[in-house]
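Let's take a friendly walk through a protein model. Keep the sequence and the 3D view side by side as you read.

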Amino acid sequence: MVASAVPAKSAGNRTLSQQFDAVRSYSNRLCEPLEVEDYGIQPMPDASPPKWHLAHTTWFFETFLLKPYLPGYAPLNARYEYLFNSYYNGVGAQFDRLRRGTLSRPTVAEVRHYRTHVDAAMLELLQSSADLELAVEVRSRTVLGLHHEQQHQELLLTDLKYAFGHNPLYPVYMPAAGVDLEPGAQASGEQPLCFDGGIYPLGRATDGCRAEHFDGFCFDNEGPRHEVLLRPYALAPRLVSNSDFLDFIDDGGYRRPELWLANAWTRVRQECWQSPLYWREVDGAWHEYRLSGLAPLLPDAPVLHLSYYEADAYARWARARLPTEAEWEVAAGTSPLLEQAGAWQWTQSSYGPYPGYQPLPGTLGEYNGKFMSEQLVLRGGSRFSPDGHIRNSYRNFFYPPDRWQLTGLRLAYDRPA
């Protein structure tokens, strides 16, 4: 029923209008397996209902492109500006994030109509911008909006997984016989990837989100390009696997306070963590919930849905550490293994601005810059990340206790200078 739910392909030779249609259509295809009851569920505060994701990504194009740049554009419903604003204070007040799952209206059909209404207006705008300066701004904002929607495509899947994975029925989103979106066994290999110390470039040299073409895009937090000093280091050739992490559990990893940071140990005790988020013991054997259902644990697959706290504790137990984001990006420039792992990888780097960073002007500057506090950087990308959305310079970021994303870890080691 969902064989079509596979990642949208990269832009290639598509026009921006064609790329717009491809990304927007993929969001709709991700919802094909859902029943109408699934669209409104909000299983926890950090997750949003699928209906909200579909509407908010539409709101983005309406707010930042159609209202300012398409003469005569008439919003379908003026209250949507308030209802589907996520966190843009420069736009206005927002409906409480914690209450998104309480809304039965607009209906799913009305949200789909909203998407159709905005899509038609967007295609008109993209085909009618005659003024060169205006056309550049429209294209740049459209490309930003498409990558924003791709972020929400990934969030839609992780939010659904949280809802289904905490349902005692363990509903199947996608049968394993179809296209399994989650990573399987990794390639074997134990020889560390070694890297010399020295001064290396980090980040993107482009002007942030001002790209007019889908494939040339980066978020503003990925630049500016600058230099970093690294000491010699090594990275594991593969992610920590389920069987690796099971050894940590069997050795009392969740019961040993010496392995955990202070806040981490508090969280372990408060929430009674004893295993990764979707592990379940069934008849004495470990199983894992995946979007294809609850099934026996795959020993060689990367361990997923770890918090930073768990990743850090495992690294200490393994007498290793987590890499910095600079170490990860420098290594990714020479080793494709780092991009092909299928899980986001925690780093030990705090999420902050690069030297010389400037957010986008105006309200769009709220996109990344105002979140540069109390979060940590993840690198790599996951199997839920749409095709064409991930690159070596991509900086994802979450809070240390967060576990609902496809987050794992790769070990790092110091080497003699």
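## Contacts and ground rules

Contact means heavy atoms within 4.5 Å. Setting aside neighbours within four places in sequence, Phe245 is in contact with Val240, Tyr254, Pro276, Trp279, Val303, Leu306, Glu310 and Tyr314.

This is a predicted model, where local features need pLDDT of at least 70 and side-chain atom pairs count only at pLDDT 80 or more, while totals for chains, interfaces and linings use all residues. Residues are numbered from 1 along each chain as its sequence is written, and side-chain values use heavy atoms, leaving out hydrogens and water.

## The cores

A nonpolar core is a set of buried Ala, Val, Leu, Ile, Met, Phe, Trp, Tyr and Cys residues joined through side-chain atoms within 4.5 Å; buried means under 20% relative accessible area (1.4 Å probe, protein chains only). The largest nonpolar core has 97 residues, and Phe245 is among those with the most contacts inside it, as are Met122 and Trp260. Helix α5 (residues 132-165) gives the most to this core, with 10 residues. Helices here are DSSP runs of H or I, at least four residues, and strands are runs of E, at least two, numbered from the N terminus.

A second, separate core of 15 residues includes Leu193 and Tyr233.

## A buried serine

Is Ser307 buried or exposed (over 50% relative accessible area)? Ser307 is buried, with a relative accessible area of 0%. Ser307 sits in the loop between β7 (293-296) and α8 (308-317). Beyond its neighbours within four places in sequence, Ser307 is in contact with Trp273, Trp346, Pro400, Pro401, Asp402 and Arg403.
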